[in-house]
Amino acid sequence: MAKNLLIVESPAKAKTINKYLGKDFQVLASYGHVRDLVPKEGAVDPEHGFAMRYELIDKNEKHVDAIARAAKDADAIYLATDPDREGEAISWHIAEILKERRLLKDKPLHRVVFTEITPRAIREAVEHPRTVSDALVNAQQARRALDYLVGFNLSPLLWRKVQRGLSAGRVQSPALRMIVEREEEIEAFVPREYWSIAAEAAHPKQAFSAKLTRLDGAKVEQFTITDGEAAEAARARIVRDAQGLLVVTDVESKQRKRRPAPPFITSTLQQEAARKLGFSTSRTMRVAQKLYEGVALGEEGTVGLISYMRTDSVNLSAEALAEIRDVIARDFGTQALPDRPNVYQTKSKNAQEAHEAIRPTSALRTPASVARFLADDERRLYELIWKRTVASQMVPATLNTVSVDLAAGSQHAFRVSGTTVVEPGFLAVYEEGKDARGEEDDEEGRKLPEMKPGDRVPLAAVTATQHFTEPPPRYSEASLVKALEEYGIGRPSTYASIIQTLLNREYVYLDARRFRPTDVGRAVAKFLSAHFTQYVDYDFTARLEDELDEVSRGETDWIPLLERFWKPFSKTVEEKGESVERSEASGARLLGVDPASGKPVSVRLGRYGPFAQIGSAEDEEKPRFASLRGGQSMHTITLEEALKLFELPRTLGTSNGEPVTVAVGRFGPFAKRGSTYASLGKDDDPYTIDLARALELIEAKEQAIANRTIKRWDEAGIEVLNGRFGPYITDGSKNGKVPKDRDPASLTLEECQAILEAAPEARGRFARKAAAKKAPARKAAAKKTAKATDAAPAMKKTAAKKRATKQAAAGKAGAKTAAKKAVGKSPATKAPAKKAATRKAAAGA
């Protein structure tokens with residue numbers, strides 16, 4: 001029996017560490033968080049010192065029980081969860097659970113921290129334990145309490161004022177505001193025209209292009225030439241004055257040094273993986289987690305390949321630096337090695353939380369040496385981390401920039417620049433990516449022929465090119481993470497979850513790998529910006545993060561921080577609940593008047609998304625409604641575009657004696673004939689589709705329906721059908737697989753019944769569909785039972801008959817009442833479940 005119990009977060013990590021510590025240790029995983037706030041009101045109680053009510057997370061209950069059983073027999077317990085606030089909180093929760101179960105009596109409880117999973121780091125951590133940090137735990141509790149209070153109070157308000165099912169988050173909301181504001185900048189942007197003029201020089205050794213810098217004796221700015229006529233006139237003057245020659249007037253050569261980028265922290269790793277590998281932030285963190293926890297390297301066994309991936313620190317340990325320098329000297333020569341290690345300044349005030357940058361646990365494990373053991377994503381990310389770390393400790397690159405000025409006559413001048421690498425230094429290993437290319441990037445790598453003042457270079461042509469200024473680009477994952485970091489919104493461990501939350505809630509979507517807000521996202525952002533200005537303010541959010549950092553360092557108390565936030569926030573929630581109209585909150589817009597009816601045309605946000613409306617609720621006639629088309633936004637749609645939406649449904653003609661129509665429904669545009677509905681293809685436009693194409697889609701759908709049934713037994717309610725993933729057997733409640741060696745058409749009823757008997761029960765929406773299908777059968781069975789009761793022997797007493805009649809009548813009346821209630825908007829029987837779901841959604845906001 002092991003004397004010591006060591007608890008980590010993940011089973012992969014447990015497996016790796018177990019082999020390092022030997023038989024004296026049992027290593028178990030908590031599988032992440034073990035407790036969370038109860039998902040109901042009052043989980044955080046501002047009236048009683050922000051007391052927090054926790055409960056075990058259902059899916060981890062069995063893991064907690066396993067830890068408790070092992071703790072009972074252990075002599076000492078080591079809490080080895082991740083080296084950050086989240087990890088500290090998990091350790092504290094485990095300790096609290098063990099205390100409650102009275103399993104810590106007379107047993108030492110140690111907190112051990114390591115930033116890499118290597119034998120040396122693990123042994124060193126175990127030999128130098130500490131206690132659980134109250135400061136870090138308090139900082140995490142304060143963060144969780146703030147997120148809960150915002151989610152549980154703002155989300156129901158959004159349900160009432162904007163749209164049901166919405167939620168708001170303390171950190172996600174400023175990030176959403178950032179994306180929405182960028183979209184508004186793009187929409188408001190008015191492009192300006194400008195022209196550039198270039199000289200095509202035909203140098204005998206190498207042709208090149210030079211940019212106009214002086215025109216008619218004056219310096220050329222971006223908007224010096226703003227129309228084609230002026231550009232052509234300028235071009236003609238230059239050609240006339242140059243007389244086919246450019247004269248070199250000045251040659252300037254300048255050497256400069258470029259330092260390598262620091263080793264990765266969480267945000268820079270996410271940015272570079274997005275730029276260079278096309279990884280999303282969540283994918284980057286998922287792959288990094290695997291590299292950190294351990295990868296099987298053949299005979300060497302499972303090894304953690306990188307240090308902890310949630311960090312603000314750019315520091316490297318002395319041991320790591322020594323090994324990196326050895327690798328540089330071995331692989332790139334001593335000339336690539338600086339006299340002393342490169343030191344980088346950490347920007348974060350709280351970088352002591354995680355001690356090192358993200359680096360390989362051993363620089364000796366080159367990407368080539370471990371590539372065959374890694375999956376493709378792991379190999380690519382490890383190579384990125386290895387190269388960045390090694391490059392960070394190499395000498396700067398030496399670059400030489402040559403700029404040449406050339407005269408075209410006495411009044412005009414051009415300039416060309418080229419940059420070449422004199423000494424590659426760190427560039428031999430790695431170069432940092434960029435979100436957008438600049439003028440310097442165009443110069444790099446451009447080699448110019450050797451020139452000196454007085455040289456005459458033949459002029460092949462002068463060209464004029466039209467340009468328009470461009471709006472700022474939408475945020476990519478890389479640029480959004482960079483912006484969040486610059487504003488101080490969130491922390492390394494939260495960037496990926498912020499982005500994922502916005503995508504999951506469908507507040508934003510990715511278009512060509514750039515974020516665009518949905519109409520719902522814009523409505524939420526506008527509502528919060530207008531009415532909860534302070535709480536989506538970038539500076540306010542950053543100050544709050546700084547205050548949480550102060551709590552984590554033990555410099556301030558967490559309860560006063562929560563009090564300062566809660567009092568004004570709760571008051572604002574109460575006030576806005578009373579004063580804000582729903583139409584204003586949801587971003588409804590009046591577009592104008594319908595010429596045909598004279599009624600107002602507006603766009604609004606409904607339960608299933610944005611829609612256009614002709615008329616108002618106050619009119620005698622019911623308003624007309626039309627859903628917006630894909631790609632249309634209620635914030636930019638025009639009156640003309642909105643009126644066109646009401647051209648649907650369109651009648652295209654008749655077929656088989658029935659009208660063929662096209663319309664747009666909840667799930668998109670469709671064509672209809674009789675009872676057959678067929679979705680339009682992605683290239684079909686409901687406003688222009690013709691009868692022939694609609695019939696083609698309808699007939700294809702009818703053919704698919706006809707081909708779907710392979711065999712059926714109506715009396716048993718069993719069918720063999722063609723499904724999306726092949727043939728299967730169903731009775732409406734359970735689905736069974738057709739044996740691979742059987743022709744589906746050859747199955748007998750008895751075989752199908754046996755297969756369905758062994759099949760698992762349906763779940764989720766399939767279970768609900770099955771229940772709906774079975775309902776008619778249950779009604780039929782009930783009728784049969786009633787008939788059997790009516791046909792009871794006549795010898796029954798009259799009193800018994802009367803009782804039966806009364807009971808049947810009461811049953812029918814009850815059934816009618818129940819049916820009426822079911823038609824109503826909020827059945828009493830379902831209300832508690834709905835309320836619980838609402839609260840749960842709000843708690844997760």
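**A walk through the model**

Guide: The chain holds 25 helices and 31 strands, where helices (H or I, at least four residues) and strands (E, at least two) are DSSP runs numbered from the N terminus. This is a predicted model, in which local features need pLDDT of at least 70 and side-chain atom pairs count only at pLDDT 80 or more, while totals for chains, interfaces and linings use all residues. Residues are numbered from 1 along each chain as its sequence is written, and side-chain values use heavy atoms, with hydrogens and water left out.

Visitor: Thanks. What percentage of the chain's residues count as buried?

Guide: Of the 845 residues, 46% count as buried. Buried means under 20% relative accessible area, exposed means over 50%, and partly exposed is in between (1.4 Å probe, protein chains only).

Visitor: And what share of the contacts is between residues 24 or more positions apart?

Guide: Those pairs make up 68% of the contacts in the chain with a separation of 6 or more. A contact here means heavy atoms within 4.5 Å.

Visitor: Let's pick a helix. How many residues of α5 are buried?

Guide: In α5, 23 of the 28 residues are buried, so this helix is largely enclosed by the rest of the structure.

Visitor: How does the span of α5 fit with its 28 residues?

Guide: At 1.5 Å a residue, α5 should span 40 Å, and its end C-alpha atoms are 40 Å apart, which agrees. The expected span is 1.5 Å times one less than the number of residues in the helix.

Visitor: How far is alanine 145 from phenylalanine 50?

Guide: The two are 95 residues apart in sequence, and their C-alpha atoms are 7.9 Å apart in space.

Visitor: OK, on to the cores. Which residues have the most contacts inside the largest nonpolar core?

Guide: Those are Phe527, Phe532 and Phe569, in a core of 93 residues. The largest share of this core, 12 residues, comes from α5. A nonpolar core is a set of buried Ala, Val, Leu, Ile, Met, Phe, Trp, Tyr and Cys residues joined through side-chain atoms within 4.5 Å.

Visitor: What does phenylalanine 527 touch?

Guide: Not counting residues up to four places away in sequence, phenylalanine 527 touches Leu157, Leu158, Lys161, Val162, Phe532, Val580 and Ala585. There is also a second, separate core of 61 residues, which includes Val27, Ala125, Tyr308 and Ala363.

Visitor: Switching to strands: where is leucine 406, and is it buried or exposed?

Guide: Leucine 406 lies in strand β15 (residues 397–408). Leucine 406 is buried, with a relative accessible area of 0%. Beyond its neighbours within four places in sequence, leucine 406 has contacts that include Phe208, Leu246, Val248, Phe414 and Val457. Leucine 406 and leucine 246 are 160 residues apart in sequence, with C-alpha atoms 5.7 Å apart.

Visitor: Now helix packing. How do α8 and α12 cross?

Guide: The axes of α8 (residues 266–277) and α12 (residues 376–391) come within 11 Å and cross at roughly 120°. Axes are lines fitted to C-alpha atoms, for helices over the stretch in contact, and angles run from 0 to 180 degrees between N-to-C directions. The two helices are therefore oblique to each other. Angles under 35 degrees count as roughly parallel, over 145 as roughly antiparallel, 65 to 115 as roughly perpendicular and the rest as oblique.

Visitor: Which residues of α8 and α12 meet?

Guide: In α8, Thr268, Leu269, Glu272, Ala273, Lys276 and Leu277 meet Arg380, Leu381, Leu384, Ile385 and Arg388 in α12.

Visitor: What about α8 and α9?

Guide: The axes of α8 and α9 (residues 281–293) come within 9 Å and cross at roughly 115°. That makes α8 roughly perpendicular to α9. Thr266, Leu269, Gln270 and Ala273 in α8 meet Thr281, Thr284, Met285 and Ala288 in α9.

Visitor: Last topic, the backbone. Where is there a cis peptide bond?

Guide: One joins leucine 648 and proline 649, with omega about 0°. Proline 649 sits in the loop between α20 (639–645) and β24 (650–655).

Visitor: And what is phi at arginine 102?

Guide: Phi there is near 55°, a positive value in a residue other than glycine. Arginine 102 lies in the loop between α3 (85–100) and β8 (109–111), and at 75% relative accessibility arginine 102 counts as exposed.
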